[in-house]
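Have a look at it, and then read on.

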Amino acid sequence: MPDFFRRSPPLAIATLAAALFSPIAPANPAPKVETAAGAAGAASASPAPVRNSAMDAPLFYQLLIGELELRSGQPGVAFQVLLDAARRTGDEELFQRVISIALQARAGDQALIAAKAWRDTSPKSQTAHQTVIQLLALLNRPSEVSDVLRALLDITPVEQRAGVLASLPRLFQRAAEPRQVLRALEPVLRASAKRVETREIAQVVLARFYLAAGDNRRALDAARDIVKLSPESEDAMQLALDLMPSEPDAELLVQERLSTSPDNHLLRLAYGRALARTQRPAEAAREFRAVTLGSPQTASAWFALGTLELDLKHAEAAEKALREYLRLLETKPGDNATGEGSISNEAHQQAWLMLAQAAEMRGDLKGAEAWLIKVDAPQRQLEVGYRRASLMARQGRLAEARKLLQALPEASPEELRAKLMAESQLLRDMQQWKAAHEVLAKANERIPEDPDLIYEQSMMAEKLGRLDEMETLLKRVIVLKPDHHHAYNALGYSLADRNIRLSEARELIAKALSFVPTEPFILDSMGWVEYRLGQIPEALRLLRQAYASRPDAEIAAHLGEVLWVSGERSEAQRIWQEGLARDPKNEALRETLKRLKAAP
């Protein structure tokens, strides 16, 4: 027998007994045999006639030998013996048993042999065909799936065929070569798209495989076709939401649906989350705000709104939303209007932490501490420690604050990394650039080749004017993680801000945008390099788009400057005033106003 069967651990006795004595269904099932317990329980009734099992002696001994071989650590022998019995009887449970033995021994090819034998023995068995497809997916052999899938669809009742197709994306979601899966299944799916009963789901599944294969444009075209076929399709909306980070035009599908169905709060929630994931907090907050107005009992909308308002530095609005969220948790514990399931004490802990941050933002340090006292979850120890350290630092006790963070546990590499990042962030918040750089340099010694730690150190090198070091570190990040869009953006922006190597700067920022086309800070960088290149109209377009998505003070500085030099000084003043209201101490904005002598 193949050696790989020897890796199989012996089965438990209970499993052995269950397998050995589970009934084998013959071609003509025999009447059920009364058990001893059943006979005893019916002693007072007239005795039922005794009927023998349909299992003959050779089959019984064959099953017995197979299970004993498995028990003695010979799964290969057991597999062959029991597979022969399964072929002779055609019993589905016995085939499943044989496949299970092979899978437990990590012998996928043998499991597939058994599944194919089952399919050949029972060509009308849907379960047999489904098992073959599942094993082909597991073994990364998509090229062999199409014929089996066609056969499965042929034997499946018409009303169940859509379900067969709907299961395919999940089945192949971990495929090593998504393009091979697409090539193998596209012909079957296109044929299914011509049938009335599977037309819509076939297009949905095909779109999913386009998306998995990185063919986002065809996925978007498919989503549009689905909307034309079924204007109320929720699958099309989910596709559009999933495509938004890479295909900005997908957002139009969602917006069009919401314009015709403004009370579709579930879709609006999902749209808000998609906007938040693409770093567009102002627009995301707008959608969640609309949900709170249309469906005020939806707790998750209040929580999301509070999170975003905090990110936008709207402390009072954040507090209002988070307090309403907590009120809903108290009045409807374990429930909300979206049916999203039970809400545990963890939800309270997170809201209290955010309320502490909002209070600190307002300068209410006692109020912040009052919220922190409530947070007692062990897994929140670092977050509570950081917030307390921040309160200490704001009171002039920075050394004490650092000691508090340094005393936190570091039982795992993850805890160590988080602790070091927290200390460096605290120092950044206090504009202690040199100390933050030292912490990050030591962190990179203790945790080498960590792209995010190296990136953070590069940002502190920039603050210290060590631009050569910054560039070297950012290039190292790109080597370690070629899709680190923040590194491309930071390097490109630093060149544009110094007004040097502008073509290279533009290429770097364009590379960052290829990963996240709608990220506001990267759009801001592209707008800034266009400004440096003298492309004022394009710079204004990009900067307005960035500011609309994220009205950040630094983006306000850039947009205001381009407006100012364009002669639109009143609008520039308004944008700068908004930026100062959000972040009065922002360095970039204050430097811009000083340089242009344009105090708002």
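A salt bridge, as the word is used here, is a side-chain nitrogen of Lys or Arg within 4 Å of a carboxyl oxygen of Asp or Glu. Keep in mind that this is a predicted model, where local features need pLDDT of at least 70 and side-chain atom pairs count only at pLDDT 80 or more, while totals for chains, interfaces and linings use all residues. Residues are numbered from 1 along each chain as its sequence is written, and side-chain values use heavy atoms, with hydrogens and water left out.

**The overall picture**

The protein chain has 34 helices and 0 strands. Both kinds of element are DSSP runs numbered from the N terminus: helices are H or I with at least four residues, strands are E with at least two. Of the 600 residues in the chain, 47% are buried. Buried stands for under 20% relative accessible area, exposed for over 50%, and partly exposed for what lies in between (1.4 Å probe, protein chains only). Among contacts with a separation of 6 or more, 55% are between residues 24 or more positions apart; a contact means heavy atoms within 4.5 Å.

**Salt bridges**

How many salt bridges does a search of the whole structure find? The count is 52. Here are three of them.

| Salt bridge | N to O distance |
|---|---|
| Glu 283 and Arg 280 | 2.9 Å |
| Arg 541 and Glu 538 | 2.7 Å |
| Glu 578 and Arg 574 | 3.0 Å |

In the pair of Glu 283 and Arg 280, both residues are buried. Arg 541, in contrast, is partly exposed with a relative accessible area of 45%, and Glu 538 is partly exposed at 29%. Arg 541 and Glu 538 sit 3 residues apart in helix 31 (residues 536-549), so about one helical turn separates them.

Glu 578 and Arg 574 are 4 residues apart in helix 33 (residues 569-582), which again puts about one helical turn between them. Glu 578 counts as partly exposed at 28% relative accessibility, and Arg 574 is partly exposed as well, with 39%.

**Helices side by side**

Two packed helices are described by the angle between their axes and the distance between the axes. Axes are lines fitted to C-alpha atoms, for helices over the stretch in contact, and angles run from 0 to 180 degrees between N-to-C directions. Angles under 35 degrees count as roughly parallel, over 145 as roughly antiparallel, 65 to 115 as roughly perpendicular and the rest as oblique.

Start with helix 11 (residues 178-192) and helix 12, whose axes come within 9 Å and cross at roughly 165°. That makes helix 11 roughly antiparallel to helix 12. Residues of helix 11 that take part in the contact include Val 181, Leu 182 and Leu 185, while the helix 12 side includes Val 205, Leu 206 and Phe 209. By class, this contact has 11 nonpolar, 1 polar and 3 charged residues. The classes work like this: Ala, Val, Leu, Ile, Met, Phe, Trp, Tyr, Cys and Pro are nonpolar, Asp, Glu, Lys and Arg are charged, and the others, Gly among them, are polar.

Helix 12 (residues 199-212) also packs with helix 13 (residues 216-229), their axes coming within 8 Å and crossing at roughly 160°. Helix 12 and helix 13 are therefore roughly antiparallel to each other. Their contact divides into 8 nonpolar, 2 polar and 4 charged residues.

Further along, helix 31 packs with helix 32 (residues 553-565) at an angle of about 150°, with the axes 10 Å apart. This pair, too, is therefore roughly antiparallel. The contact of helix 31 with helix 32 has 11 nonpolar, 1 polar and 1 charged residues.

**A loop residue**

Where is His 314 found? His 314 lies in the loop between helix 18 (299-311) and helix 19 (315-331). His 314 is partly exposed, with a relative accessible area of 25%. Leaving out residues up to four places away in sequence, His 314 touches Glu 309 and Arg 582. The C-alpha atoms of His 314 and Ala 581 are separated by 9.9 Å, although the two residues are 267 residues apart along the chain.
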